[in-house]
Every structure is written in structure tokens, then in C-alpha cells.
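Thanks for passing this one along. Here are my notes on how the two chains meet, point by point.

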There are 2 protein chains.
Amino acid sequence: EIVEGVEAALRDGPLKGKRILITSGPTHEPIDPVRYIANRSSGAQGTAIANALAALGADVVFVTGPADAARPRGVEIVEVQSAREMLEAVETALPADAAVFAAAVADWRVASASDSKIKKDGMGKLPVLEFAENPDILATVSQMKAGRPGLVVGFAAETDDVVAHATAKRERKQCDWIVANDVSPETGIMGGSENQVVVISDQGAEAWPRMGKDQVAKRLAAEISTALQE
Amino acid sequence: EIVEGVEAALRDGPLKGKRILITSGPTHEPIDPVRYIANRSSGAQGTAIANALAALGADVVFVTGPADAARPRGVEIVEVQSAREMLEAVETALPADAAVFAAAVADWRVASASDSKIKKDGMGKLPVLEFAENPDILATVSQMKAGRPGLVVGFAAETDDVVAHATAKRERKQCDWIVANDVSPETGIMGGSENQVVVISDQGAEAWPRMGKDQVAKRLAAEISTALQE
């Protein structure tokens, strides 16, 4: 940790002095003390982006759900479980020059989460889970009246009509860029080492070739760096 | 793998020639291509039992859900995701001299699982998940008319009234032993390295002291060995 601190202090690069917030990984939404709803995000892409931004000299705050991926090095790490905890951590971490929302945040939580383990009643009666909508972290930050980061980047994990859905998402959330990809199981992207993204901005949609998640991260970090110099 | 095969062939011990089936880990029940319902089982206790039985010379078949724990060595491993896949793997693996059901199998699956990612509809309408009861693997095997393993051991993860719930579970399922524990978050057992169990048999309930999961595994393996010699 001391070594990392020294590294960070000595580190130079185009993003030196810029504070960048990244969210990454899945969220876990509890059903009861032993069960939860999860998603297949490994945190690999968000972690790679954090490393790429740190390598360009940024001060990175990394807010992560319970992800399998090894944590990035030389950044500030905040571990959370649920979407509501993630929003709280994000609000605490702001202000920032840029914010990248790569986490796969659960849209819904279980409103009727139980304090004790839900048991089979032996009568074949099934549990009823009532859901409540989680806070929309990307929209909340994108639409801040004061203290909005200068650049807000969202992610869109789609299984069909990627560009249309992601373009609509960008307008609805009011973020600056959307990094969209197709997470259908047959693409092997979720949990895999490669990614194929389309970046949507006010300039339209730019399809990047399929490449390693590290390469996607480096290119995105370079574009963030350029945008923050403008 | 060749080395392990040689090890297994050379291995001696009181369980030599005995085939023992173990299930371990959580199951994942899909909601849609990216979301699933999971539970906090790490697979640590089941893995430790597999290693302990193999060390006594048993031929172990290890059927595991997507667990974090490193896989046991020198055993046959079958990886599954859902409860239904686990039952199928168990039925394929039988007959066996003993079966130990240490997996935390989901009681329910999502009957209405979707082939495409469920999206927010923008109107604040919440998804409705319909559940169906999963097959009861422990009861299915305990109540087999032909080919039932000579010793069937179930597990009961409880959050309250451990002995009463586990004793009732043993009678309901018709297994021989139940290894019961308290998985309330404050015990630190689920995901931790220690366990504190009560073993229920036709002799009543025997509370074991809190000890490492490896120690629980060794003691249980020794008792299984004794029971199979009788």
C-alpha cells in the first residue's frame, strides 16, 4: 500500500491531477440471509478500465460490487454489495472530473427481502417475491444540477438491437457516451476476455472491432483523456 | 490427471473400494441470460468432505455447482449450474455405497425464465417472477425403492431452531443423517473457514464443537467409514 501510494504520487501522464470514478462488477440483491439475485458480470472490463486510467496518471476511485476479477492496482477501492450501497458510495466519491459506470447494476431489488431463511412450507406453496426499482445511478449522476462530472460514460449490456437500444438509453439517461455491447451467451463476452463494443456519443455510433478487454480499456482511457483536455 | 489416477489406484484406506457421491456448492437458477438467483454457499465444506473421504481411500464422485472453493483433488468432478442439472448428474453417478448431499440447492427455480434480457419498460412497471419448485434431490435419493445408497447424509442450513428443524427434515426426507448448522450471518459460517454442526441420526442429536471445516470433514469421513464397515 505504501508502494502503491509512492507509485501514484510519482506517476505522471496526461490524466495527472484528474479524479475519475469507475463502478464495476455485478450487484447482489438479497432475497433472504442466504439467497440473492446476481448477474454474470465478472468485473473484468471495469477493472481493465481502472488500470488503463491509472496508467495515464488519473486518481481513480473504483466502486465495485462482489466481482470475481482481481482488483485494480494503485487505485482507491470501495467494495459494495447492492445497488443502493453502490449509489451511496458513488455520491460519497464525487466530485470527479469524469465518471465511468461499467457496473452491471441490478434494475430491481427484492422489496420483500426476509430476515430469516425462507423455507418450503411443505404444502407446495411457492414464495412470492415483490420487487422494487433500484435507484438509477447513471441517470442520477448524469442529471445532477450541480457538481456533475464533466464527462459521464455509461454502459449498455444488450441482447438484441444493440445500437438502437443504446442510443435510446443515452438520451434517456442524459449521459455523454454509452459503451454498448451484445452480452448474448453465444458471444462469450460476459465472463470472457474479449469485448466488442459500439460507442455512442453526440457524434453517433462508432463500432470498435472485437478485441481484448484490456485493449478496449486502453482505447477508452485514451479517448477519455482526449475529452478531458478539450 | 494420469498422476491422480495412479494416486487413486495406489491409495489405500478403510474406504478402499467404496464409491461415495458428494454434492457441493450453490446452484444458480437463471432469470434471463444475464441474471440468476444464487446463494452464499462457497462449497468449502463439501470440498473438505470430498478430500477427507478420498484420503480414506474412497472413490469419490463430486457433483458441484458454481462454487468459489478450489476443486478437491483425486476425485471425479461433475460441474453443474442448476438444481435440475444437479439431480440429473446425481442420478447418472449412482449407484454408490454412500451419498453426502452438502450442496445448497435452490428450493425454487424461475418458471418464467426469459431467453432475452428483461428490460425496464420505462413506465416503472416491475417484473413478475413466477417460481416452480425444484426437484428435491435429497428426498428423491433417500426414498429410492431400488438402488438406494446404504448411507444417505443430508445437510440442513438453518437460521433458527436448528435441531428442531433439522430433526423434522430428517424424518420428512427419510435420509439417515442430517448435518445441521446455523448459517445466520452473525455466525460467519457461510463463506467462513469454521463450522459448528449438529449431527442428527436415529440416535438423536449430537452437537460437535466449533472447529475448522477440514476438521468437521475428517470427523464426518471417519464416521461414514465406521458406518460402512458395519
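**Notes on the A–B interface**

1. Between chain A and chain B there are 2 salt bridges (a side-chain nitrogen of Lys or Arg within 4 Å of a carboxyl oxygen of Asp or Glu). In one of them Arg35(A) joins Asp107(B), with the closest N and O atoms 2.9 Å apart.

2. Before going on, a word on the basis: this is a predicted model, where local features need pLDDT of at least 70 and side-chain atom pairs count only at pLDDT 80 or more, while totals for chains, interfaces and linings use all residues. Residues are numbered from 1 along each chain as its sequence is written, chains are lettered from A in the order in which they are written, and side-chain values use heavy atoms, without hydrogens and water.

3. The contact (heavy atoms within 4.5 Å) draws 35 residues from chain A and 34 residues from chain B. About 3400 Å² is buried (accessible area, 1.4 Å probe, lost on being put together, summed over both), and carbon and sulfur atoms give 57% of that. On the side of chain A, Arg40(A), Trp108(A) and Lys120(A) lose the most area to chain B, together 21% of what that side buries.

4. The strands E3 (residues 35–39) of chain A and chain B pair over 5 bridges. Here Ile37(A) stands opposite Ile37(B), and Arg35(A) opposite Asn39(B).

Technical notes:
Two strands pair if DSSP finds at least two bridges between them. Helices (H or I, at least four residues) and strands (E, at least two) are DSSP runs, numbered from the N terminus. Buried area is the accessible area (1.4 Å probe) that two parts lose on being put together, summed over both.
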